[in-house]
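Hi,

Here is the structure I promised to pass on. Have a look at it first, and then read my notes below.

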Amino acid sequence: MTPAGRRIVAAAEELFYNRGITAVGVDLIAERSGVTKRTLYNQFGSKDRLVATYLTGRDQRWRSLVRAAVDASNTPAEAVTAPFEALRTWSETNTRGCAFINALAELPDPSHPAHRIAANQKLWLLNLFEELATTAGCSHPATLATQLLVLHEGAVATRPLSFDSLPESTDLARVLVQASTSPRR
């Protein structure tokens, strides 16, 4: 990506995340990034492709953070809840909730490229929870994965509020994992 393209994406990311995708026009993005609209369109072709590029970058950074948290886990059971620890770190600088949930709400058309990226991010996390639960020997890993995704997404949704539920969601996730790895009598 060219230096101008990187400036455009950086400006778009800040604006889309803080103001909303549909509330931000290409004029403002071009102005904030110090380029012309023509340069913006030459780099990305459309606002939709720019939104997709913005979400793809966030997705790559999020997945890297989650993978690092999983890799830093001491046990397979601990790895199952590592995405909650990653969320704690991520939320220190991302205080307006989840860009993917926001995109899904703003772009409800499943054929929109950014909608697909946001939906795939959620499916990736669900699949990761199932993979980690399977590796940890959890009973019913698919069911546990769904439960953990619901807890995780609830924690994401409440992070910007005064009643942050991440600590309780993390504790409950650990209880669910522990219960699913305990020997049955």
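By salt bridge I mean a side-chain nitrogen of Lys or Arg within 4 Å of a carboxyl oxygen of Asp or Glu.

Some ground rules before the rest. This is a predicted model, so local features need pLDDT of at least 70 and side-chain atom pairs count only at pLDDT 80 or more, while totals for chains, interfaces and linings use all residues. Residues are numbered from 1 along each chain as its sequence is written, and side-chain values use heavy atoms, with hydrogens and water left out.

**The two domains**

The protein chain is assigned domain 1 (1–45) and domain 2 (47–181); such bounds come from an automatic or database domain assignment. To the contact between them, domain 1 contributes 19 residues and domain 2 contributes 16 residues, where contact means heavy atoms within 4.5 Å. Their C-alpha centres are 27 Å apart.

About 1,600 Å² is buried between domain 1 and domain 2, and carbon and sulfur atoms give 63% of that. Buried area here is the accessible area (1.4 Å probe) that two parts lose on being put together, summed over both. Two salt bridges are counted between the domains. The interface also has ten residue pairs in polar contact, both residues being at pLDDT 80 or more. A polar contact is a pair of N or O atoms within 3.5 Å; within protein, one must be able to donate a hydrogen and the other to accept it, and residues adjacent in sequence count only if both atoms are side-chain atoms.

On the side of domain 1 that touches domain 2, the elements giving two or more residues are α1 (3–19), α2 (26–33) and α3 (37–44). Of these, α1 gives the most, with seven residues. Helices are DSSP runs (H or I, at least four residues; strands are E, at least two), numbered from the N terminus.

In soluble globular proteins, nonpolar side chains tend to be buried together. In this model, the largest nonpolar core has 57 residues, and F16, I29, L50, L55 and L148 touch the most other members. This core draws at least three residues from each of domain 1 and domain 2. A nonpolar core is a set of buried Ala, Val, Leu, Ile, Met, Phe, Trp, Tyr and Cys residues joined through side-chain atoms within 4.5 Å. Buried means under 20% relative accessible area, exposed over 50%, and partly exposed in between (1.4 Å probe, protein chains only).

What does L50 touch, not counting residues up to four places away in sequence? The list is I8, V9, A12, F16, I29, L40 and F44.

K37 is partly exposed, at 38% relative accessible area.

Because R174 lies in helix α10 (residues 166–181) and E85 in helix α6, the pair ties together parts that are 89 residues apart in sequence. R174 has a relative accessible area of 40% and E85 one of 29%, so R174 is partly exposed and E85 is partly exposed as well.

R174 also forms a salt bridge with D171, at 3.5 Å between the closest N and O atoms. R174 and D171 are three residues apart in helix α10, so about one helical turn separates them. Through shared partners, salt bridges join E85, R88, D171 and R174 into one network.

T95 sits in the loop between α6 (82–91) and α7 (99–106). Is T95 buried or exposed? It is exposed, with a relative accessible area of 57%. Leaving aside neighbours within four places in sequence, T95 contacts Y17 and P160.

T158 is in helix α9 (residues 141–158) and counts as buried, at 13% relative accessibility.

Finally, H140 is not a glycine, yet has a positive phi of about 50°. H140 lies in the loop between α8 (113–135) and α9 and is exposed at 61% relative accessibility.

Cheers
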